[in-house]
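Dear colleague,

I am passing the structure below on to you, together with some notes on its aromatic rings and its surface charge. Please read the notes beside the model.

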Amino acid sequence: MKFFTVALFIGAISATELEDMQDAVDALKIRVTKAGMDAIDKEANDVRETMIKIKGARSTRNLKNSLEKFSMQKEWANIKKIDKAFLASPEGKKLVHEWMDVGDVLEKNLYKNKQGVHFPNEKMDEFSDEMNDVVHEYEKLEGSKWDKAYEAGWKAAVESKHGQQLKRRVKTFRFSAEGKALHKEIVELKNSIKANVKVTDLPDHWKDEEDLLKIEISKAGQAAIEKEINDFGAVAKKVKDARSVRNMGNSLERWGKSDEVAALKALDKKFLASPEGKELMAEWKDFGMALKEHVKKTPQGMHIDHDGMQIIEDEADDIEHEYKMLKGSKWEKAYDVAWQKATSSPEAKSVARRFETFSKSAEWKALAKELKELDMALKKNVKVTDLPKDMQE
């Protein structure tokens, strides 16, 4: 069956850009500052204002007229006829019933307060179950007589006189001043999301020095590793719309927006503004500079000379020292408490349940297979040489 967004349909945003924006939302660990949220809100408002501004322009009116004519043609009437027949069928009634169940959960539990719209955490499992029922119904319709009827109906509508006119009008709109203005604002919104929605992993407090050795990879080895990375990316893209993956992503996203994670973000901000936080970040910056200055690319891959290795080790020692200084401090205690709350919240428990299901799914098995092959390629082709004496057995 055909499902698409208006923005994608009229060409104001490309499929790749839409995927990029969705990728930001689907990210696992999300960090957005208040300033970042304000920046994203501003760009979203700019998109809305531009849409209002251009609605009376010729290209926009032409597109609107073509959409109206498209919706008045016999081919569109046929699609509505299919809709009516489908909704009267057992399959249609079942789907509508499942959607009504979703609406019932929302109506009983969704409310608005001064902070915005709120949905109780304890009702999230019930809502998730109802949404899963809807997804299941759509999955059962794939390849059915209704799926084929809708495919044929849409094909006839798109290839009709008014369907072809709409196609031309879409193309004209894309290259018009109005279309370009809307596209510009959507791109700026996408860039703002990319700039302000950060996918992060907290620094590994106990990073082993083994990560800082001399590394050499042949061109053939690089090609082998790159192939496995591409294979993993292809499988990840293939399974991203699967139910188990979407469910996992939804649970992670809700966890990322929970009050407990918000408390972690606030704690991060306070720590980074403290003398201890500033000192730690300065050491990480020094470490990054050392890598930039001493990791050299060679025909065999990457290489770190002996003197550079010593400098990098010294900078790594400085970072380790800063983490040791934080042991037992008020910051370590505060983070322990915050992480305990964040990992025991209703949203976190939803993630745990979803991960248990995901770990048993065909999608996870496919991803695990590719990860195993990537691991084997890394072990085979990444050569670690010139171990420092204090790391040799």
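F70, W76 and W154 are linked into a cluster by ring pairs, where rings of Phe, Tyr and Trp (its six-membered ring) pair if their centres lie within 6.5 Å, and planes under 30 degrees apart count as stacked, over 60 as edge-to-face and the rest as tilted. This is a predicted model, in which local features need pLDDT of at least 70 and side-chain atom pairs count only at pLDDT 80 or more, while totals for chains, interfaces and linings use all residues. Residues are numbered from 1 along each chain as its sequence is written, and side-chain values use heavy atoms, with hydrogens and water left out.

By the ring rule, the count comes to ten aromatic pairs. The pair of W284 and F287 is edge-to-face, because the ring centres are 5.9 Å apart and the planes stand at 90°. Both residues belong to helix α14, three residues apart, or about one turn of the helix. W284 is partly exposed at 26% relative accessible area, whereas F287 is buried at 12% (buried means under 20%, exposed over 50%, partly exposed in between, with a 1.4 Å probe and protein chains only).

Two or more of its residues come from each of α14 (275–294) and α15 (306–326), and α15 gives the largest share, three residues. D317, in helix α15, counts as partly exposed at 32% relative accessibility.

Best regards

Key:
Helix = DSSP H or I, 4+ residues; strand = E, 2+ residues; numbered from the N terminus.
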